[in-house]
Amino acid sequence: MAKGSFSLTVHSIKVLIKRELVSSLQGWGFYGAIFVSLIVCSFLLKNFMGGIREENILISSYPLNFPLFVSVIIISFYLVVISAISISREREQGTLEILFYGPVSSFSFTIGKYFKDIFLYLITLIFFAAYFFGVSALTNLGFTYSLVKSLGLSIFWVSCVISFGLFISSLTGRVRSSIIWLVAILLAFLAIQFAHSAFLSFPKEALSTPLLYLRRTLYYLSKGISWVSPFSYISRGMESIQIESMKLYLLNIGYCIVYSVIFLTLSVYILKLKGVRG
Amino acid sequence: MRKTILFTGLASILIFILTSLIGFAQQKPSFAPTLREELVYGFNVFDGKSYSGGFVPETENTIYLIADHDNTLSAKKTLVYFWPITAKYMAGFKTLNEEVEGTLEVLKEGKIIKKLTKKDNVLSYPEGYFGEKSLFYKEKEALKEYDKYKKAMNKYYDELKKYYDARIEYRKKLDKFFKEVKKRREAGEVGPLNIEIPKEPKPPKGPSFYVTQPKKDFILNLPLGKYQIRLRAKDGTIVEGSEKNVVVFTSRRRGGIGYEIIPGNRWTKRESCNDPAMIIYAAGKNILYFRPYAQDEYNELYHNKLIDPQNEGREEKWIWVHTSPIKNVFLLFFGQGKLLKKIDKKPYYVKQIPGPELGYNILEYNEKDFPYQKPTFEGYQLDLSPNLKKTGYQIYLQKKSENTPLAKSERGIRLLRKKNSQFLYYLSLLPLVVGAIVFIQRRRGVVS
């Protein structure tokens, strides 16, 4: 019986992934997002190449890593938005209720959505690899081992971004609310981290006692944000590649897996708790 | 929906408050630094290659040292102030520099393992003060080394005095010589005069090495590990603020090969190529001068803190530190698996272009063309002509006595194709092309 229920769950996940994936691949949004990320990348690379003056040298192990980092950030914004609206849209349109009358559970639904976005990113990765290979062939900038490592690690970063988006989506009942929540949370993260780094530039002597307390509070808040914000995993991962520490690289993969599991579990739990009508 | 609006409102208020507070903090008027009397430790530590000096302010609790090397510490009372431009504490040793006497106790796991008193020490620079090497001498050897330097200096001063006397004599002889020539020419003498031309005396050469004045400090030489230090005053009490942690570390990897690269068109702005994963990208014509070094790899945080305890760094990062120049090697330039050039080290002289124009020429040095001058640098010259056909090349080092390349000396050189960067935008169209194909396929499917 348990085996039958498991295979039914797997089947419904597969059907959900297929349905959603085909729908995303047939729309222009996905290709548009990759195009935007690559055009920004081209702009950066063109400026970078222009920055190396004629009759000059540049010594680097990874000149393509920063453009890749920017591309991943852009595509992550696209994925976080589509995952943030994915549950709330189905809820708003009433399809969630219909699906839940069938063999679809909150677990299979959330996992289906998660893997659909992961597959979308894997397809994006093919575009990225082809693009950077093309860049290397055109300009002779090295398609290095560290770039391959970055491409591999980006799957785990994106996993964090998607699970965070699904978590936001599970909390809200409407598409508009999901987007407002997402933007507000990300802005709050950004504001706290910006304020903290701005405070760090002042010596203790230049700050009054309340400001010193505020600096301390901001320090703890930004420490917390560095574990909650999915985007901080991207910068942490990039750093592990830059300093060529295999230990940190594997540790970052571990962090991303733990982060994704926690947020996916929370999403399933909240979806169950709130029900199909929110 | 209400909750969402409330949350957005709260987030906006929070951002506004934080921005205002930062603005308020930034509007504080400028101020003169507040000087504070503090007990600091002055240090001269082995940094992997030579010795670096500095001080440890009260705000830093830990001193970092390299294992199994002599390092000096001295406790001093001085005036410390915060310098906002560098965001670091500075010491006003010129205003107050008072040695704090006592015994330095070294503790490990709470037990005293060493009691140190101040000892004489000097730093010796065998290749001169601006040379790359410095050696540490202590106690009797330090005094002996300084004595050797003093004697060499005295000898030089004596020779200099003799040289100046000889020059006065030379001027006199020269005047006499010209007068004699003039007199005989006026007398109508033609042809060779057979008068001996006075010889110009040569200036003496100063000692090529330099030794600092002996001073008394605590000399610390500890094996790998974590320790504590404190200063015990003559009355038996511990001097307040003298307790510090000491982290003694060592290199993770030894015997790497790194390069300092001097680009011909900006010789004062040198580049480093230390990591074997680094690639040298070159655009257009480039003349590069390679200077190979043996290098050891240290923890970035520890090494940065060793040189200046107020420095920042990451414990997870490792950096290469050049230890000594590699001698008696050739630089091999390879392309497509073939040896293209075998380059030997040569001295070069940087000659400024005379006149108001800026610029210089890097010329191969020889004593004949540049008398009384020293070469500016020595290196292996590699000419990367834009006419090189392929784009990927490698360099290696090879010992003169052997035929095999030195391990860890390989670096890749890639010639950039800057012109092609204009085509990068076309590459970005790839997803749109795929999207269009998918769209057309889908429409065909719907129609059929």
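Which residues does A:V161 touch, not counting residues up to four places away in sequence? In this predicted model, A:V161 touches A:S76, A:L79, A:V80 and A:P230. The legends below begin with the chain that holds this residue.

**View 1. Chain A contains 10 helices and 1 strand.** Along the sequence, the elements of chain A follow the pattern α-α-β-α-α-α-α-α-α-α-α. The C-alpha atoms of the chain fill a box of roughly 70 × 60 × 35 Å along the principal axes. Of the 278 residues in chain A, 41% are buried. Among contacts in this chain between residues at least 6 apart in sequence, 84% join residues at least 24 apart.

**View 2. Helix α5 of chain A covers residues 106–139.** The helix has 34 residues and reaches 49 Å from its first C-alpha to its last. This span is close to the 50 Å expected at 1.5 Å a residue. Just after α5(A), A:N140 takes a positive phi of about 75°.

**View 3. The largest nonpolar core has 92 residues.** The residues with the most contacts inside this core are A:I34, A:L79, A:V135, A:W157, A:V161, B:A282 and B:L331. A second, separate core has 34 residues, including B:F55, B:V56, B:L222 and B:W320. In soluble globular proteins, nonpolar side chains tend to be buried together.

**View 4. An open sheet of 5 strands in chain B has mixed pairing.** The strand order is β3-β14-β13-β7-β8. At the edges are β3 (62–66) and β8 (111–116) of chain B, each of which pairs on one side only. From one strand to the next, the twist averages 30°. Helix α3 (residues 300–307) of chain B packs on the sheet and touches β3 and β14 (244–249) of chain B. The direction of this helix makes about 105° with that of β3(B).

**View 5. Strands β7 and β8 of chain B run antiparallel.** Strand β7 (residues 103–108) is joined to β8(B) by 5 bridges. In β8(B), B:K115 is the bridge partner of B:E105.

**View 6. Chains A and B meet through 49 residues of chain A and 55 residues of chain B.** Several elements of chain B each supply at least two residues to the side that touches chain A, among them β16 (271–273), β26 (411–415) and α5 (430–447). The element of chain B that gives the most to this side is α1(B), with 10 residues. By class, the side of chain B that touches chain A has 33 nonpolar, 11 polar and 11 charged residues.

**View 7. Strand pairing also links the two chains, between β1 of chain A and β17(B).** Strand β1 (residues 56–60) of chain A and β17(B) run antiparallel and are joined by 5 bridges. A:L58 stands opposite B:Y281 in β17(B).

**View 8. Strand β18(B) is mostly covered, with 11 of its 14 residues buried.** Strand β15 (residues 253–263) of chain B runs antiparallel to β18(B), and 9 bridges join the two. Strand β19 (residues 318–325) of chain B is likewise antiparallel to β18(B), with 7 bridges. B:Q295 of β18(B) stands opposite B:G256 and also opposite B:H322 in β19(B). A further antiparallel pairing, over 5 bridges, links β18(B) with strand β24 (residues 377–384) of chain B. Within that pairing, the bridge partner of B:Y289 is B:Q381 in β24(B).

Conventions:
Residues numbered from 1 in each chain as written. Chains lettered and ligands numbered in written order. Predicted model: local features only at pLDDT ≥ 70, side-chain atom pairs only at ≥ 80, totals over all residues. Helix = DSSP H or I, 4+ residues; strand = E, 2+ residues; numbered from the N terminus. Buried ≥ 20, exposed ≤ 12 C-beta atoms within 10 Å, placed from the backbone. Contact = placed C-beta atoms within 7 Å. Expected span 1.5 Å × (residues − 1). Pairing = 2+ DSSP bridges. Axes fitted to C-alpha atoms, helices over the stretch in contact; angles between N-to-C directions. Core = buried A, V, L, I, M, F, W, Y, C linked by C-beta atoms within 7 Å. Nonpolar A, V, L, I, M, F, W, Y, C, P; charged D, E, K, R; others polar.
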